[in-house]
Structures are given as C-alpha cells and as structure tokens.
Amino acid sequence: LEICCLESPRCSTFTCPPGKSLKQEALNDVCELHVCMEAHDVDTCCENNGFCSTFDCPAPAYLHRADKDMLLCDDADCTSKTNFNKCCAEASSCLTFQCPEYHLARVDVADLHCVGMTCTPSDAEVCCDKRESCASYSCPVGLHLSPSAHLLYCRGPECDTLDMPTCCVAKSYCDAMTCPAGFQHRFDAKTIPCDDISCEKTPYDTCCVSEALCLGYNCPSPNWNLRPDAGSVWCNGWKCSEVDKTVCCEEVALCDTLDCPSPLLLRGNAASLSCATTVCSSADVETCCIEAGTCAAHYTCPSAYLLRSNADEIKCKTDNCTYDEFEHCCILKNFCSTMTCPVDMVLR
C-alpha cells in the first residue's frame, strides 16, 4: 500500500487563484489527484471573494472607496481577513470645511466628518451650526429690537445677553415725535417710550395732546401738580399758556409743612418736595421723611475721641450726622495715667 499509494492532498494545501479564497468548510476535503490543481480542484476548494461594497466601513470616519462595487475583498464574506483600508478611505474632516455666512463650526467639529471623501457645501448641516437671528431676540426694558433685526445674527446658535448690543437699540421717547398741527407733546413726553425706534409707527395720541388740553400743560415746580382730570380740562385759549396755571394745576403742600412721626426726620430738601395734595398727610411720609442716622453708622470721631458705647442707639439730628455732633456721639479717651497696672507690672 505504501509503495503503490499516496495520501490524497487536502484543500488546506491548495492556493486559490486571485479573486478566490479557500472555503473554510472544505479545508479537509481531498483533491482529485495526488496534487491539488486549479484545473481539477478550484471549485471544490475555493469560493469567490466578496466585493468591498459589502464591507462594513467604520463610520463616520471612513467611507467605501469609489470603486467598491468592483473592488474584491480578501475573503468571501468581507470580514476579518480583509483589511478595512482595502475597501475604505478616511472621510474628510469637518476641520477642513469652511462654514458659510451666518454659520459657525460646531463645538465638536474635531470629531466630525463630511459625508463624502471631500467636503461639499451640503456638509454645512454636519459641520456647522446656524447662528440664531436677532429677529427672535427679546430686548430688555428701555431697548427696542433693531429695525434690521431680521438681517442681524447672534454670535452662536442661541442668542444670549451678550448679543444685546447687536440686536437691540435704545428706545425713542415721545419727545422725538413731531406732533400734528394743533397738538403738542404731553408734559411728560420725555418719559413715555414710543412703540418703535423712530416713533413713526407710534399712535400720535400716545405722545401728543391738543394744544388747548391741560394734559399738555407743564405745571411749575415744586408746589403745583397737574390736576387728576387734566385730560378732560381745556385751557382758556386755543392753546395753553402761563395764565392757565390755576385752570390746569392745583397747588400742593410742600414737605416742610409735615410733622414726621417719631423717630423719622424731615428730608434735607423737604422745602422742594411736594406732597400729593394741598395738605400733607401720612400718605406723604415716605416722600417727605427719612430715618435719622446713628452715630455708629454715620459719624467718625476726631482724634483723642472714641464713639460712645451705645453709639448704635444714638440718633443724629438728620439722616447723616454732622461734624458738630461729636460731643453727642463721642467721648474723650482715658489716658494711661488713670490705669492701675496688675501685680508685677508698672505704668510706662
């Protein structure tokens, strides 16, 4: 037997031609002759390699090569025996992409890749964030949204307080409006905001009143106030003038006529502050009165003096102590000569 016969070779010794790989399930199958030959054993031992189009490229950093449908893997099922570099190529990094106008690179742009081998304009959605339009910005009190807000953009994908100078402009007030003929600004026009930056879209009656209506009269300060019904009271002529003071205004008492309840004191400028009506009352206390200052909070004693021990309870004559109150707030410091030193010590 050993003289006449040889052990048949097995497929595991066969070298498949290009484009084919050994069948894993046929490795122990025997070849037809004493030597495995392509002409006799290729179909028994080999199978066609798969195409790269079936290879699972590690996304998103890698993509199939352009000729994936014609490029063969190194094994039939395009798995572990095929190096991914054969079928795949690295996608372009978003770091190479130039974001379009009104866009900015995403914060994680270093980890992002374009859809193809090279970046194209359509990759803006992958690589970039769109900056938010100022049109959605909510301006704080005292500011208007810029008339061109729809053309302006915030710094990032969402607007924040740092975008206020870009999106907002200062409000205009009624004194910037041109009142129509026969009308004049309201007396407090400088404090009434318009509905828009130029006051052109603001109703005129927001800012203006008839020249003959008391609502536009500016009563002299400090002891004359516009009467509560000034919006329905007419001046004597076709427009208001100084002679209409008693028609449009009512004289009010000044704060210096009010006796503040203890421990409050009249404010220093009480003679120029107006009460709400012709007689000052408890309703005017907040306007006219203030709490007296204390020595501890409002007085610094001169040299050789120190604050009294109860300085936080001693009230000053006004809301802020004056220099001549030092005797009221301070006491003379004692000298060392009055001190009795302890045993084993002597005066300096």
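Trainee: Buried means under 20% relative accessible area. So much for the term. Are C139 and C168 buried or exposed?

Mentor: C139 is buried, and C168 is too. Keep in mind that this is a predicted model.

Trainee: What joins C139 to C168?

Mentor: A disulfide, with an S to S distance of 2.1 Å. The torsion about its S-S bond is about -95°, so the link of C139 and C168 is left-handed.

Trainee: Where do the two cysteines of that pair sit in the chain?

Mentor: C139 is in the loop between β6 (128–130) and β7 (143–145). C168 is in strand β8, residues 168–170. The pair links distant parts of the chain, 29 residues apart.

Trainee: How many disulfides turn up in the whole structure?

Mentor: A search finds 23. Another one joins C179 to C208, also with S to S 2.1 Å. Here the S-S torsion is about -85°, so the disulfide of C179 and C208 is left-handed. C179 lies in the loop between β8 and β9 (183–185), while C208 belongs to strand β10 (residues 208–210), so this pair ties together parts that are 29 residues apart in sequence. C179 and C208 are both buried.

Trainee: What about C275 and C280, left-handed or right-handed?

Mentor: Right-handed, with 90° about the S-S bond. The sulfur atoms of C275 and C280 are 1.8 Å apart. Both residues are buried.

Trainee: Which residues touch C255?

Mentor: Beyond its neighbours within four places in sequence, C255 is in contact with L266, A270, L273, S274, C275, C280, T287 and C288.

Trainee: Where is C255, then?

Mentor: In the loop between β12 (249–251) and β13 (264–266). C255 has a relative accessible area of 0%, so C255 is buried. From C-alpha to C-alpha, C255 is 112 Å from P17, and the two are 238 residues apart in sequence.

Trainee: New topic. How many residues are in the largest nonpolar core?

Mentor: It has 14. Among the residues with the most contacts inside it are C214, L215, Y217 and L226. In general, nonpolar side chains in soluble globular proteins tend to be buried together.

Trainee: What does L215 touch?

Mentor: R186, F187, V209, L226, A230 and G231, setting aside residues up to four places away in sequence. There is also a second, separate core of eleven residues, which includes L258, A270, L273 and C275.

Trainee: Which residues make a nonpolar patch on the surface?

Mentor: L33, V35 and M37 form one, with about 220 Å² of accessible area together. M37 sits in the loop between β1 (20–22) and α1 (38–45). Its relative accessibility is 37%, so M37 counts as partly exposed.

Trainee: What about C341, how much relative accessible area does it have?

Mentor: C341 has 25%, so C341 is partly exposed.

Trainee: Last one. Is H113 buried or exposed?

Mentor: Buried, because the relative accessibility of H113 is 16% and the cut-off is 20%. H113 lies in the loop between β5 (103–105) and α3 (124–127).

Trainee: And which residues is H113 in contact with?

Mentor: Apart from neighbours within four places in sequence, P60, A61, E90, A91, S92, S93, C94 and V126.

Conventions: Residues numbered from 1 in each chain as written. Predicted model: local features only at pLDDT ≥ 70, side-chain atom pairs only at ≥ 80, totals over all residues. Heavy atoms only, no water. Core = buried A, V, L, I, M, F, W, Y, C linked by side-chain atoms within 4.5 Å. Buried < 20%, exposed > 50% of the residue type's maximum accessible area, 1.4 Å probe, protein only. Contact = heavy atoms within 4.5 Å. Disulfide = S-S within 2.5 Å. Helix = DSSP H or I, 4+ residues; strand = E, 2+ residues; numbered from the N terminus. Patch = residues over 30% accessible without salt bridge, like charges linked within 9 Å, V, L, I, M, F, W, Y side chains within 5 Å. Areas by Shrake-Rupley, 256 points an atom, 1.4 Å probe, with all protein chains shown as cover. Salt bridge = Lys/Arg side-chain N within 4 Å of Asp/Glu carboxyl O.
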